[in-house]
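Biologist: I want to go through the helix packing here. Can you take my questions one by one?

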Amino acid sequence: MLGDTKGKRLDNYTEDYVVFDLETTGISCITDRVIEISAVKVLKGRVEDQFSTLVNPEMKIPFRASQVNHITDGMVKDAPVFERALAAFDAFAGDMILAGHNIHTFDMKFIQRDAKAYWGKVFTNDYIDTLVLARQRLPQLKNYKLTDLAGHYRISAAGAHRALADCVMNQQVFEKLGKEPVSFVSEADGKKCPKCGLLMKKRNGRFGEFLGCSGYPDCRYTENL
């Protein structure tokens, strides 16, 4: 839902949410553009609806991007531009909590950038990053890519790196993560940030260990140890 204030990152499972994913021309939220957006709506932990569309980025898709997501210029030639696709996604998601893998540092930046450019508004939806959730609840793992988590839970990774397939995979991973106990091995024994309510994390700085908010860089609260 569009408004004037960005939504906050949450660090807990919810049974009602919209998991979404983007495919882009590259990794820069400054110069690159979206070429696919997909979403899966979940109510009471059950998939209720899907949304997916290719996007015409109005630029040539770099070869390296096509190598990863297998989306070509010919595939997006007659697709809607992102202003139309993003408006359709907004209508699909409404005011529901958003979820996705690494969306805190990637996907949210793209949709917030473009919503601001198109309409002078931002997405007010709170959101959950399953990458953050996985690190909290599965501290024993060495890798936290979505396909690694799918493998951990024996979930099919077929079609990975296309937006809708990643949404379907991520939804199943999120449901599994929701059943995992919260581990505070690296989360300062469950202490929460007094400014934003997210978990504090032990970090290393020039002068040794300190506590920093896991919401960094949006929240920069710290405490000395």
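Biologist: Which residue follows H4, and what is its phi?
Modeller: This is a predicted model, where local features need pLDDT of at least 70, side-chain atom pairs count only at pLDDT 80 or more, and totals for chains, interfaces and linings use all residues. Residues are numbered from 1 along each chain as its sequence is written, and side-chain values use heavy atoms, with hydrogens and water left out. Helices are DSSP runs (H or I, at least four residues), numbered from the N terminus. H4 is followed by glycine 120, with a positive phi, near 70 degrees.

Biologist: How far does H4 reach from its first C-alpha to its last?
Modeller: H4 covers residues 107–119, 13 residues. The expected span is 1.5 Å times one less than the number of residues. That gives an expected 18 Å, and H4 comes close to it, reaching 18 Å.

Biologist: At what angle do H3 and H4 pack?
Modeller: H3 spans residues 82–93, and its axis lies 11 Å from that of H4. Axes are lines fitted to C-alpha atoms, for helices over the stretch in contact, and angles run from 0 to 180 degrees between N-to-C directions. H3 is roughly perpendicular (65 to 115 degrees) to H4. The angle is about 110 degrees.

Biologist: Which residues in H4 meet H3?
Modeller: Contact means heavy atoms within 4.5 Å. From H3 come Phe82, Glu83, Leu86, Ala87 and Phe89. In H4 they meet Ile111, Asp114, Ala115, Tyr118 and Trp119.

Conventions. Helix = DSSP H or I, 4+ residues; strand = E, 2+ residues; numbered from the N terminus. Parallel < 35°, antiparallel > 145°, perpendicular 65-115°, else oblique.
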